[in-house]
Amino acid sequence: MKENRKHNVILIGYMGSGKTSVGECLSKRLTYHFRDTDQLLERKAGDTINHIFATRGEEYFRNLETELLMELNDNLEHTVLSTGGGLPLREQNASLLRKMGYVVFLKASKQTIIKRINRDTTRPLLRGGDINQKVESMLAVRTPIYERTAHKIIATDDKSVDEIALLIMEAY
Ligand code: S3P
C-alpha cells in the first residue's frame, strides 16, 4: 500500500470479468468493506437494473450511476469497490475513480466472457442479437478506456479468483 494513496481498491472491466467474485475475495483478505455499484444503485433506486433500462432507458441509468459515484466519492474508506461494466465510459467517472482509489482492470478475453455471461438474463445490454458480435464490438470500444483508467491491468483468463486477489495485493 503506497503512502499517499486512498485506502480503496476499485475493480473495473467488462461484464463477466469477475469483478464481484474477485472483489469479495480481496475484501476479505484485506479486511476491507466490499461494495458493488450495481447493488448500491438498485438499492438507491428501489428498482432492478433490468427494469430501469426497460422503463427509463440507458441514459437515465448512466445518470444514476454518475450520481451514485459522486455520493460515494467522499464516503469510501478501506473498501473494495466493484463497478458496473459501463461506469468508466464517462470521462468524468473515469477520472473520479482514479482519485477514489487504486483502479484495477480485470481483463478477460471475449471467449471467457461469453462462456461466463451466456444465457444471462440480468444484463440488459446483452439481450437479443448475436452475442459474439455484441461482445466483440463493445470490447473494441471499451478496452482502451478500461486500460487508460486503470493503475494496474490483470489478465484473468488463466487465473483463479484467489490468484487474482493475491496479484492485486502484491501491486497495491
Ligand atoms: C453494464 C454492466 C452491468 C450493469 C449494467 C450495464 C455495462 O454491470 O451495470 O447492466 O454497461 O457493461 P456488471 O459489469 O457488474 O455486469
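**Helices, sheet and ligand**

Author: Helix α1 (residues 19-30) lies across β1 (8-12), β2, β3 and β4, and runs at about 180° to β3. Contact here has C-beta atoms, placed from the backbone, within 7 Å. Axes are lines fitted to C-alpha atoms, for helices over the stretch in contact, with angles from 0 to 180 degrees between N-to-C directions. Helices (H or I, at least four residues) and strands (E, at least two) are DSSP runs, numbered from the N terminus.

Reader: Thanks! What sort of model is this?
Author: This is a predicted model: local features need pLDDT of at least 70, side-chain atom pairs count only at pLDDT 80 or more, and totals for chains, interfaces and linings use all residues. Residues are numbered from 1 along each chain as its sequence is written.

Reader: And what's the strand order in the open sheet?
Author: The 5 strands run β2-β3-β1-β4-β5, with parallel pairing; strands pair if DSSP finds at least two bridges between them. β2 (33-36) and β5 (152-155) are the edge strands, each pairing on one side only. From one strand to the next, the twist averages 20°.

Reader: How many bridges link β2 and β3?
Author: There are 4, in the parallel sense, and β3 covers residues 79-82. His33 stands opposite Thr79 in β3.

Reader: New topic: which residues does UniProt list for "binding site"?
Author: The unreviewed entry lists Asp38, Arg62, Gly85 and Arg142. UniProt positions follow the numbering used here, feature names are shortened, and annotations may be inferred rather than shown by experiment.

Reader: Is Asp38 buried or exposed?
Author: Asp38 counts as buried because it has 21 C-beta neighbours inside 10 Å. The cut-offs are 20 or more other C-beta atoms within 10 Å for buried, 12 or fewer for exposed, and partly exposed in between, with C-beta atoms placed from the backbone. Asp38 sits in helix α2 (residues 37-45) and touches Ile49 and Gly84, leaving out residues up to four places away in sequence.

Reader: Where does Arg142 sit?
Author: Arg142 is in helix α7 (residues 131-149), and is partly exposed, with 17 other C-beta atoms within 10 Å. α7 lies across β1, β4 and β5, at about 145° to β4.

Reader: Last one: what surrounds the ligand?
Author: The shell includes Asp38, Ile49, Gly84 and Gly85, along with Arg123; a residue counts if its C-beta atom, placed from the backbone, lies within 6 Å.

Key. Two residues are in contact if their C-beta atoms, placed from the backbone, lie within 7 Å.
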